[in-house]
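Subject: Structure for you to look at

Hello,

Here is the structure I promised to pass on. Please open it first, then read my notes below.

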Amino acid sequence: MLTFLPSLSVFLAYLVAVIALTLTPGPDMTLFLGKAIGQSRKAGIAAFAGASTGLIVHTVLVAVGLSALLAASTTAFTILKVVGAAYLVYLAVQAIRHGSALSVGGKGSSDPISKVYLKGLMVNLLNPKIIVFFVTFLPQFVTPTDPHAAGKLLFLGLMFVVVATPISIAMIWSAGSLASFLKRSPRATRAVDWLFAGVMGGFAVRLILAQGK
């Protein structure tokens, strides 16, 4: 029995969130698009691969750590989810107030592919915002009483990378055109900001209402 699979409704909601997150510019997108434009598509893919490896490491750590917390105290796990909801609201507000940051140039250093991969790895592995986000975001999709929470957390975290991969590779392949479009059309970037804010805010409200039942 595939106990690590979430319900269909939870999985579909998670997919919406992952797509919104993948389309939102951040340090990892800046790196892999910058490398694709300034060096080569191969370098862009290497940077994305490194960033994805960082996300996988965070996924494993979060799944192990949160499952241990759940086993120790369902109350503490519930509190973490409520705090997570507040953090999602904060992210939504920040996205609307300050917007996304994407700054890529047309020229860059030609680093060895292995070095580009390591740069991508470090961008996500050592980014405290990524750590906080994964700790507060993934638990929104499991319940405190779920005995299979660890498997579901691990599955969802890995699915983040699976869903983001084709979208990010398409971005890398058309990096030059995409960067030019975003620079020419601030409205497109703001639309992504509002999409991100709407998804994060929606999950926060969903969680708060669920906790009140």
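Residues 24 or more positions apart make up 87% of the contacts in the protein chain with a separation of 6 or more. Contact here means heavy atoms within 4.5 Å.

This is a predicted model: local features need pLDDT of at least 70, side-chain atom pairs count only at pLDDT 80 or more, and totals for chains, interfaces and linings use all residues. Residues are numbered from 1 along each chain as its sequence is written, and side-chain values use heavy atoms, with hydrogens and water left out.

The fold: the protein chain has nine helices and zero strands. Helices are DSSP runs (H or I) of at least four residues, strands (E) of at least two, numbered from the N terminus.

Burial: 44% of the 213 residues count as buried, meaning under 20% relative accessible area with a 1.4 Å probe, protein chains only.

The core: the largest nonpolar core has 42 residues. Such a core is a set of buried Ala, Val, Leu, Ile, Met, Phe, Trp, Tyr and Cys residues joined through side-chain atoms within 4.5 Å. Tyr14, Leu88, Phe133, Phe137, Leu138 and Met200 touch the most other members. Helices H1 (8-23) and H9 (186-211) are among those that each supply at least two residues of this core. Beyond its neighbours within four places in sequence, Tyr14 is in contact with residues including Phe137, Leu156 and Phe203. A second, separate core of 13 residues includes Leu33 and Phe48.

Two spans: residues 45-70 are 100% helix, with end C-alpha atoms 36 Å apart. Residues 76-96 are also 100% helix, with theirs 31 Å apart.

Best wishes

Definitions and conventions. Buried means under 20% relative accessible area, exposed over 50%, partly exposed in between (1.4 Å probe, protein chains only).
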